[in-house]
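Please look through the sequence and the model below before reading on. The paragraphs that follow lead from strands to helices, one step at a time.

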Amino acid sequence: MSRTVSAPAWSIPAPLRTAVLALGVQSALALVYLLVTDAGLTAPTMLAVPFVWITVAVVAVRHADRPAVGRTSRRIAGGVGAAYALGLAWLTGTVAPAMNPGRSADLLLLPPGWGPLLRYSGSEVALTLIPYRVVGVVALGYLVSLAVRDVVDEGLSAGLGGLVALGSCASCALPLVASAAGAIGGAGLGVGATPTVGGGTYLLGTAAFVLAAWLLAARPLQRYTWR
């Protein structure tokens with residue numbers, strides 16, 4: 001006599017499981033970081049910002065639709081995504097022209113996610129690597145490349161969702177730039193102190209990042225286009 005085992009009527013959505021796992025890993029890494037360094041904590045709102053960015057980036061990259069395209073289309077899309085990430089990194093000050101001759105590097109032990117912040121200045125290029133922003137910029141670049149695949153391989157009508165996502169993401173870059181400018185050049189990260197909220201720019205940038213990542217990963221208008 002056989003017995004049929006039915007599946008449970010409900011289950012935790014996959015993106016939520018990914019988010020919980022990402023938060024757990026980040027919390028463990030942050031605890032280790034605080035234990036082995038002299039880095040301190042900051043205001044709860046500012047402490048939450050890196051966790052939001054990294055969690056959203058992981059969920060978006062993990063669960064974004066990946067159109068099956070040819071090698072040429074993948075290369076074109078990858079090039080556009082890389083160019084977008086590099087441009088955003090340049091606008092936010094992550095990558096910038098070197099201002100001083102010679103080479104130098106220093107590591108700032110800021111609160112988790114904001115640090116460890118690596119600053120490097122070479123003969124031509126300077127880098128300011130805030131961990132959560134590096135993750136965010138790389139994630140957006142990859143998501144842009146996925147959206148471009150729709151446009152390159154399927155044509156304008158079928159790739160409308162990707163185009164709208166790209167345009168929206170470009171507009172979302174403005175508050176990202178504003179918040180990054182405050183982080184790098186203001187009275188917070190630029191001088192190695194604890195970052196502060198100046199006019200809500202960090203929160204605005206976080207909201208813009210979440211919106212951009214969602215648009216690029218979900219491409220919500222794609223369902224209304226035709227092939």
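How many bridges join strand S2 to strand S3, and do the two strands run parallel or antiparallel? In this predicted model, S2, which covers residues 104–108, and S3, which covers residues 117–121, run antiparallel and are joined by five bridges. If you look for Leu108, you will find that this residue stands opposite Leu117 in S3.

From S3 we can go on to strand S4, made of residues 125–129, which pairs with S3 over four bridges, again in the antiparallel sense. The two strands S3 and S4 form a hairpin, with three residues between them. Within this pairing, Leu118 has Leu129 of S4 as its bridge partner.

Side chains of opposite charge can pair when their charged atoms come close. Here Arg119 forms a salt bridge with Asp106, and the closest N and O atoms of the pair are 2.9 Å apart. Because Arg119 lies in strand S3 and Asp106 in strand S2, the pair ties together parts that are 13 residues apart in sequence. The count of salt bridges comes to one.

The crossing in which H1 passes H2 is right-handed. On the side of H1 the contact is made by residues including Ala14, Pro15, Thr18 and Ala22, while H2 contributes, among them, Pro50, Phe51, Ile54 and Arg62. Sorted by class, the residues of this contact of H1 with H2 are eleven nonpolar, five polar and one charged.

Helix H2 also meets helix H6, which spans residues 201–218, and here the axes come within 10 Å and cross at roughly 10 degrees. With such an angle, which is under 35 degrees, H2 is therefore roughly parallel to H6. Among the residues that meet are Met46, Val49, Trp53 and Ala60 in H2, and Tyr202, Leu203, Phe209 and Ala217 in H6. What classes of residue make up the contact of H2 with H6? This contact has 13 nonpolar and three polar residues, and no charged residues.

Notes. Residues are numbered from 1 along each chain as its sequence is written. This is a predicted model: local features need pLDDT of at least 70, side-chain atom pairs count only at pLDDT 80 or more; totals for chains, interfaces and linings use all residues. Side-chain values use heavy atoms; hydrogens and water are left out. Axes are lines fitted to C-alpha atoms, for helices over the stretch in contact, and angles run from 0 to 180 degrees between N-to-C directions. Angles under 35 degrees count as roughly parallel, over 145 as roughly antiparallel, 65 to 115 as roughly perpendicular and the rest as oblique. Contact means heavy atoms within 4.5 Å. Ala, Val, Leu, Ile, Met, Phe, Trp, Tyr, Cys and Pro count as nonpolar, Asp, Glu, Lys and Arg as charged, and the others, Gly among them, as polar. Two strands pair if DSSP finds at least two bridges between them. A crossing is left-handed if the near helix is turned anticlockwise from the far one by less than a right angle, and right-handed if clockwise. A salt bridge is a side-chain nitrogen of Lys or Arg within 4 Å of a carboxyl oxygen of Asp or Glu.
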